[in-house]
Amino acid sequence: MERVKVLVTGGAGYIGSHTVVELYAAGYQPVIVDNLSNSSLDVLEGIEKITGVSPLFEKLDCTDIDAMRNLFQRDKGIRHAIHFAAYKAVGESVEHPLIYYRNNLVSLLNLVEVMEEQGPSSIVFSSSCTVYGQPDPEFLPVSEDAPLQPAQSPYGKTKQMCESILEDTIKSGNSKLNMISLRYFNPVGAHPSAHIGELPRGVPQNLLPFVTQTAAGLRKELSVFGNDYNTPDGSCIRDYIYVCDLAKAHVAAIDRLQSMHERGTLEYFNLGTGRGLSVLEVLDEFMKANSLEVPFKIAPRRKGDIEQVWADPSKANQVLGWKADTPLDQIMKSAWRWEKRIRNL
Ligand code: UD1
């Protein structure tokens with residue numbers, strides 16, 4: 001049987017590449033478009049090593065509407081898209097807001113517009129738990145109907161604005177699209193094969209890449225940003241989700257959209273484990289799983305950090321029939337295996 005095609009924008013990126021692998025394993029035909037602004041062609045080789053097939057790829061910028069339209073005109077078979085392509089560095093977005101607004105908003109607008117032209121089709125959008133800000137204690141763990149809070153950064157605002165674009169499109173009552181917005185908590189780890197993983201540019205801003213680079217000797221020590229928060233050990237709490245589990249949730253979302261009969265729907269799902277871990281616990285789990293010592297110091301709080309947030313993933317568990325269940329030590333091992341591979345250790 002012919003594989004159902006799924007467009008994956010940003011498919012050469014961190015979460016995108018892992019999702020391409022899972023789509024292929026589930027019997028779909030992923031079609032990657034990526035402008036390679038934060039990824040490289042090596043990722044495609046990594047995907048090929050895992051799946052045994054060279055992925056369909058086109059270098060394309062989603063902010064170019066003519067190129068997008070042209071893609072759909074050439075490939076009439078595409079009815080589903082997963083939209084990863086976006087800038088995602090919080091600090092950079094504060095420094096260069098216009099670049100973030102243009103890239104993240106225009107690429108989504110183009111995709112929605114072009115897919116509406118295709119007739120009945122569906123979009124999975126990469127959103128973030130950042131839309132919840134710091135939930136009040138009674139809303140923890142946070143579920144999809146917790147109140148949203150104004151985002152702290154232009155990056156976060158683009159996620160909220162993109163969700164509003166989807167919402168208003170559906171509210172118009174004349175959309176032929178079905179859409180799912182997936183709110184990711186903190187994706188971590190790498191494919192167990194270590195052929196694909198996260199490749200941060202410059203000094204990593206996210207916790208686990210900083211930990212693995214410190215373990216590899218690239219950084220002197222980890223700074224734990226704050227130990228005076230109102231949490232059991234004083235460091236911030238997040239919900240760390242294994243990137244392969246996250247990737248599988250996208251397959252479950254596409255399965256759901258594929259079998260949907262009504263048109264003009266939009267659903268939100270939290271993608272997390274339901275387990276909150278502090279920064280110090282993450283560090284400890286990483287060291288234990290890999291029998292390593294990672295030097296660290298307690299540093300001042302990072303501006304704009306949320307004290308604690310973790311997911312209530314029960315909606316995704318029930319409706320998508322999906323669960324993030326990879327044990328923590330496997331996740332930590334995968335992160336280290338990947339770091340060792342890319343540093344030739
Ligand atoms: C951040 C964004 C989130 C975005 C994500 C994208 C905020 C509040 N959230 O998530 O919207 O989707 O990045 O990548 O900006 N930490 C250290 N030392 C480090 C690095 C991090 O202690 O060197 C701590 C942080 O203070 C935080 C935790 O580790 O408590 C996780 O940080 P990070 O990986 O940057 O993710 P978020 O801040 O949760």
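**Entry 1: methionine 287**

I began with methionine 287, which touches Leu292, Glu293 and Val294 when residues up to four places away in sequence are not counted; contact here means heavy atoms within 4.5 Å. I noted that this is a predicted model, in which local features need pLDDT of at least 70, side-chain atom pairs count only at pLDDT 80 or more, and totals for chains, interfaces and linings use all residues. Residues are numbered from 1 along each chain as its sequence is written, and side-chain values use heavy atoms, with hydrogens and water left out.

I placed methionine 287 in helix H9, where helices (H or I, at least four residues) and strands (E, at least two) are DSSP runs numbered from the N terminus. Methionine 287 has a relative accessible area of 13% and is buried; the word buried stands for under 20% relative accessible area, exposed for over 50% and partly exposed for what lies in between, with a 1.4 Å probe and protein chains only. I also looked up leucine 109, 178 residues apart from methionine 287 along the chain, and found their C-alpha atoms separated by 43 Å.

**Entry 2: serine 128**

Next I turned to serine 128, which has its place in strand E5, residues 121-128. Is serine 128 buried or exposed? Serine 128 counts as buried, since its relative accessibility is 10%. A polar atom of its side chain lies 2.9 Å from the backbone nitrogen of threonine 130. Leaving out residues up to four places away in sequence, I listed Tyr155, Lys159, Leu182, Arg183 and Tyr184 as touching serine 128.

**Entry 3: the nonpolar cores**

I then looked for nonpolar cores, a core being a set of buried Ala, Val, Leu, Ile, Met, Phe, Trp, Tyr and Cys residues joined through side-chain atoms within 4.5 Å. The largest has 63 residues, and those with the most contacts inside it are Ile47, Leu182, Leu208, Val211, Leu271 and Trp322. Helix H8 (residues 243-258) gives the largest share of this core, 9 residues. Apart from it lies another core of 26 residues, which includes Phe72, Cys162, Met179 and Tyr268.

**Entry 4: helix H7**

Why do I call H7 largely enclosed by the rest of the structure? I call it so because 8 of the 9 residues of H7 are buried. These are Leu207, Leu208, Pro209, Phe210, Val211, Thr212, Gln213 and Thr214. Among the elements that cover them I found strand E7 (186-188), E8, strand E10 (240-242), helix H9 (279-290) and helix H11 (328-342). Just after H7, I noted that glycine 217 takes a positive phi of about 90°.

**Entry 5: the ligand**

Last I examined the ligand, which has 22 residues around it, with Leu207, Ser223, Arg238, Arg302 and Asp305 coming nearest; a residue is near a molecule if one of its heavy atoms lies within 4 Å of it. An oxygen atom of the ligand lies 2.4 Å from a polar side-chain atom of aspartate 305. For the side chain of asparagine 186, I found an N or O atom 2.9 Å from an oxygen atom of the ligand, and for that of asparagine 206 the distance is 3.0 Å. The protein buries 87% of the 750 Å² that the ligand exposes when taken alone, with accessible areas from the Shrake-Rupley method. Helix H7 (207-215) and strand E8 (222-225) are the elements that give two or more residues to the shell around the ligand, and E8 supplies the largest share, 4 residues.

Note on methods
A polar contact is a pair of N or O atoms within 3.5 Å; within protein, one must be able to donate a hydrogen and the other to accept it, and residues adjacent in sequence count only if both atoms are side-chain atoms. Accessible areas come from the Shrake-Rupley method with a 1.4 Å probe; for residues, only the protein chains shown count as cover.
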